[in-house]
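Please read this briefing alongside the coordinates. The points are grouped by topic, so that each can be checked on screen in turn.

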Amino acid sequence: MTATTTASKPLSRAGTPSVSLRGLTKVFGGTTVVDHLDLDVAGGEFFSLLGPSGCGKTTTLRMIAGFSDPTDGSVLVGGEDVTSTPPHKRDVNTVFQSYALFEHLDVRGNVGFGLRRKGLDRRTLDRRVSEMLELVELADKGREKPSRLSGGQRQRVALARALINEPKVLLLDEPLAALDLQLRHAMQAELKALQREVGITFLFVTHDQDEALSMSDRVAIMNNGVLEQCGTPEDVYERPTSVFAAGFIGTSNLMSGVWSHGSVVVAPSVAIPAPAHHGSAEGDTVSVAVRPEKIWLGDHTDEMFRLPGTIEATTYHGATTRYRVAIAPGLALTVLEQNLPRMRAEDRWDPGDRVEVGWLPEHTVVLT
Ligand SMILES: Nc1ncnc2c1ncn2[C@@H]1O[C@H](COP(=O)(O)OP(=O)(O)OP(=O)(O)O)[C@@H](O)[C@H]1O
Ligand SMILES: [Mg+2]
């Protein structure tokens, strides 16, 4: 989507947060589904709320938009407390998963709907609608009915309809979920480019970790109504702070063990050296996580922690090969190796091969 009609505004990360949640809580019939959320989203930020089905993402968005009253806590938009402000008076717009287009109106009618209700004069309205359609590359579809559009095109109509109101914040609830994989990837890139172009704060809900990592400035991981971790994509992937975060984003080799003299003993014969961990004492049970792509088979350097192992399974995945490597009875690691240009089939390890696994100590993440 090459957007040319809207002047790009610089991202403003400093100053007043665009959206702030303070102790935001929702209780449905005695069950707390959103539990004291505290969050600050910066102006112009692409911020994703990531979590499994039922963890409270939509409920959180609905409270920010004003469609649902919090049981406790408050919502601030641009520094102003809007907790008691009706939805249409909040400077936010929502794009729902089901685009909810008006089927009896054509594309132009859909996009101009919000502005027409504000009583804008005809010429200005026409110009703004045309600008928006150009922005989302639907200039030639203005007179089509939504039923004649593809999923991706409908998606873009829904976006244009929300963006035309120039909200401070756009709330997007799994907007790409209905699209097939190829279109979804294309729309991810387009949506990200569009967000940069218009400089509006995006609060994006998804349960797709890949989508969250590739699109966001920051990601908040939500589980059971609670924020588990919030940080840049690299933060949450490389340095997860909870067992849930480590398991939910990507794959991790998660092992439980006992903290002892600067190591975590995960099997009688396996003590994994670990960085000092705040709050853990000798004898405490902790978890360690190592990402599969951080582990090397062969070509080790001196600073790596190394362990003998036996290949249990080898699976070819095209771009990568995945190994299961037993390092103790009942304990195996997953190792992901890139299939590099010079690699041949005979270079791969086979089940039964004795190997040495190794990784840099800083890639051991200790979790409690
Ligand atoms: N109106 C309601 N009345 C009672 N319970 C509700 C209501 N809306 C949501 N819930 C419950 O609150 C919890 C969180 O729902 P929510 O829709 O926020 O989840 P979600 O994270 O958006 O999930 P998904 O990824 O499946 O969309 C769920 O257990 C759901 O059943
Ligand atoms: Mg939802």
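The model is a predicted one, and its chain carries eight helices and 20 strands. The domain assignment divides the chain into domain 1 (19–238) and domain 2 (251–367), and the C-alpha centres of these two domains are 40 Å apart.

**Overall dimensions and surface**

- Along its principal axes, the C-alpha trace of the chain extends over about 75 × 50 × 40 Å.
- The chain has 368 residues, of which 50% are buried, and its accessible surface amounts to about 17,500 Å², with 50% of that area belonging to carbon and sulfur atoms.
- When contacts between residues at least 6 apart in sequence are considered, 66% of them join residues at least 24 apart.

**Surroundings of ligand 1**

- The shell of residues around ligand 1 consists of Phe28, Val33, Pro52, Ser53, Gly54, Cys55, Gly56, Lys57, Thr58, Thr59, Glu174 and His207.
- Helix 1 (residues 57–65) supplies the largest share of this shell, with three residues.
- Lys57 contributes through its side chain, a polar atom of which is placed 2.8 Å from an oxygen atom of ligand 1.
- Ligand 1 would expose 640 Å² if taken alone, and the protein buries 55% of that area.

**Nonpolar cores**

- The largest nonpolar core holds 33 residues, and the members that touch the most others within it are Val111, Leu159, Leu163 and Leu170.
- Two or more residues of this core come from each of helix 2 (107–117), helix 3 (122–135), helix 4 (151–163), strand 7 (169–173), helix 5 (181–198) and strand 8 (201–206), and helix 4 gives the largest share, namely six residues.
- Leu163 is in contact with Met132, Leu135, Leu170, Leu194, Val198 and Ile200, once its neighbours within four places in sequence are set aside.

**Lys294, a buried lysine**

- Lys294 sits in the loop between strand 14 (285–290) and strand 15 (296–297), and it counts as buried because its relative accessibility is 17%, which falls under the 20% limit.
- Beyond its neighbours within four places in sequence, Lys294 is in contact with Glu238, Gly358, Trp359 and His363.
- With Glu238 there is a polar contact between side chains, in which the distance to Lys294 is 3.1 Å.

**Arg143, an exposed arginine**

- Arg143 is found in the loop between helix 3 and helix 4, and it counts as exposed because its relative accessibility is 61%, a value over the 50% limit.
- Not counting residues up to four places away in sequence, Arg143 touches Asp106 and Arg108.
- Arg143 and Asp106 are separated by 37 residues in sequence, yet their C-alpha atoms are 5.4 Å apart in space, and their side chains are joined by a polar contact of 2.7 Å.

Key
Residues numbered from 1 in each chain as written. Chains lettered and ligands numbered in written order. Predicted model: local features only at pLDDT ≥ 70, side-chain atom pairs only at ≥ 80, totals over all residues. Heavy atoms only, no water. Core = buried A, V, L, I, M, F, W, Y, C linked by side-chain atoms within 4.5 Å. Buried < 20%, exposed > 50% of the residue type's maximum accessible area, 1.4 Å probe, protein only. Helix = DSSP H or I, 4+ residues; strand = E, 2+ residues; numbered from the N terminus. Contact = heavy atoms within 4.5 Å. Domains from an automatic or database assignment. Near = heavy atom within 4 Å. Polar contact = N/O pair within 3.5 Å; in protein donor to acceptor, adjacent residues only side chain to side chain. Areas by Shrake-Rupley, 256 points an atom, 1.4 Å probe, with all protein chains shown as cover.
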